[in-house]
Amino acid sequence: MAISIRKGAQRLGLQTNTVRSDVSCSEADDSVLDLSIHTIYNDEPKNDTQLSASNVQPATPHTWVNWVGNQQSSPTAIFHPSTLGELQSIVFQARQAHKRIRCVASTFSMSSISKTNDYLVDTKFLSTIYRPTFDLEKTLWTVHVQSGVSIKALDDYLRKHDPPLAMASNILIESVLYGGIIATGAHGANINGRCLSDQLTEISIVDGAGTLQTFNAYKDAVEFSAACVNLGLLGIIYTLTLKVVPMANSRYHALDYKVPYHQLFDPLQKECGQRLKKLVQENASIQLLYFPFNNTGNCRCNDFVIIKTLNPTPELPTNHLRFPKLHHWMVNQELFHRIAKIVVVDLLPYWPSWSPLVTRMIYRYTPILNCVQEIPDAVHFMKNLERFPTWLVEFSMKCDEDHDYVNIIRAWDHVAQMVYETANEWHEYPLNVAMEARFNKASSCIMSPMYDEDPEALFFSIELVSGKNTQGFLEFSEMIAKIWMEQYGGL
Ligand SMILES: Cc1cc2nc3c(=O)[nH]c(=O)nc-3n(C[C@H](O)[C@H](O)[C@H](O)COP(=O)(O)OP(=O)(O)OC[C@H]3O[C@@H](n4cnc5c(N)ncnc54)[C@H](O)[C@@H]3O)c2cc1C
């Protein structure tokens, strides 16, 4: 079979010598090829001549499942393309066979956004990173990548570049692929970072006719703003051009601290909104973390909220050489997330009444930082998060500037109040990890939940996080989503 695959690849003119960021250079080209053209069928009656392009090979029956395991489907075929020619060939086959195409990146989305019983295109072998370029006129560095490049692969590549470069803002987890986070309008905690799609200057998409369409932020601003956050509906994203910044004089000072809950989220105190406004004015990046039941007593009013801030600094990264092993162990967080998985995912569903104890422990062991870090280290301060499968629900809401952010304070407090009520009255614990929030300025991408015509409009994105399999989380988050949408402008 390997020989026929190789011949097929030669016919298609596959590039077997391209550097791929997630395939080790020591691997033989053949194995790269085998993987990149591997296709899996389910047990649907199949006609091999119908799927006859040389980048398709039948394999064992298979069901597609997303990372957290709550979505699955049985695609007729799963493709693993690595070149533009292969993408176009898949589109032509789909047209001939009257099949629809969905793409998948790292499968982290919890929704049914990638689900299909037709053709699924797995993009992880579209992983080429091209040399960054500097535009003298715009004094701007950009890097051009294929859509299957992961955040970590690009971070590592840019660190080694001369001069070292970085994405100024990014999402928390490193293993996701750019196609997935651009298509969904994902965002980091940097206020001016907006959503990641706002950090693009160009996007190219293979459309339903197999034609490569390119949209440029400066040449076709309107089409570009519609094309970036596309939920995978406009075609297969082939390449992206991302803005990056030089790291030499721009590192982040990470400063974390704990604030009593009622100082930030008491809807009856006007000062709370003013404190939040001040936080936004004084910091480049803010993330709020709330682990319920983190203090004694049966009320949220005794709890604390962790504030994580990042601000640019020319200072060198803090030297931890006195305890390098301990530092590495803490930064890696692999053990922490493995333990969290066992406790929260494997045990809590059977003993939910331990939830207050568990969230208090997570709160206590969350590192409180005061150090200077290189941009990628500061942005991705939680490593190996993928070891800990969680259910997540996030909504963005525009801050009510005229009324001291009262809508976002109420939206947050409504959840905390319900968490305590559910625990005290029903002994149920649907939120057993954290509530988390970030501020971002408006996105210019039409399909982003943070879209606004006023670029200075500020959005607050709140997220509920519980372990996979948590009893009552789905019902609870559905109820909260309704409240956020109906009462506080949640999108
Ligand atoms: C632990 C964890 C932490 C997270 N942290 C954050 C965070 O900090 N900020 C944030 O905003 N979000 C965060 N998310 C959500 C995450 O950003 C989104 O779920 C994102 O879509 C995941 O990317 P993915 O590579 O897994 O995409 P997938 O889930 O695989 O795909 C998402 C969508 O993109 C489409 N797509 C992917 N590639 C292509 C392509 N090449 N062409 C066309 N369409 C494509 C797919 O069809 C699908 O519709 C987090 C999720 C998890 C599980």
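Among contacts between residues at least 6 apart in sequence, 73% join residues at least 24 apart. The model is a predicted one, and in it 43% of the 491 residues of the protein count as buried. The protein comprises 14 helices and 18 strands.

The largest nonpolar core contains 115 residues, and I182, I236 and W412 have the most contacts inside it. Helix α13 (residues 406-426) supplies the largest share of this core, with eight residues. When neighbours within four places in sequence are left aside, the contacts of I236 are L87, I101, C103, V121, I205 and V206.

The ligand is surrounded by 30 residues, of which A105, S109, G179, G180 and G232 are the closest. Two or more residues of this shell come from each of β4 (101-104), α5 (178-184) and β11 (236-246). The contribution of α5, five residues, is the greatest. By residue class, the shell around the ligand consists of 18 nonpolar residues, 11 polar residues and one charged residue. Because domain 1 (2-122) and domain 2 (133-246) both give residues to the shell, the ligand lies between these domains.

An α-helix has 3.6 residues a turn, so residues three or four places apart point the same way.

S448 is located in the loop between β17 (434-441) and β18 (458-467). This residue counts as buried because it has 26 C-beta neighbours inside 10 Å, the cut-off for burial being 20 or more. Apart from neighbours within four places in sequence, S448 is in contact with G185, C195, S197, V229 and S443. The C-alpha atoms of S448 and N230 are 8.8 Å apart in space, whereas the two residues are 218 residues apart in sequence.

Methods:
Residues numbered from 1 in each chain as written. Predicted model: local features only at pLDDT ≥ 70, side-chain atom pairs only at ≥ 80, totals over all residues. Near = placed C-beta within 6 Å. Helix = DSSP H or I, 4+ residues; strand = E, 2+ residues; numbered from the N terminus. Nonpolar A, V, L, I, M, F, W, Y, C, P; charged D, E, K, R; others polar. Domains from an automatic or database assignment. Core = buried A, V, L, I, M, F, W, Y, C linked by C-beta atoms within 7 Å. Buried ≥ 20, exposed ≤ 12 C-beta atoms within 10 Å, placed from the backbone. Contact = placed C-beta atoms within 7 Å.
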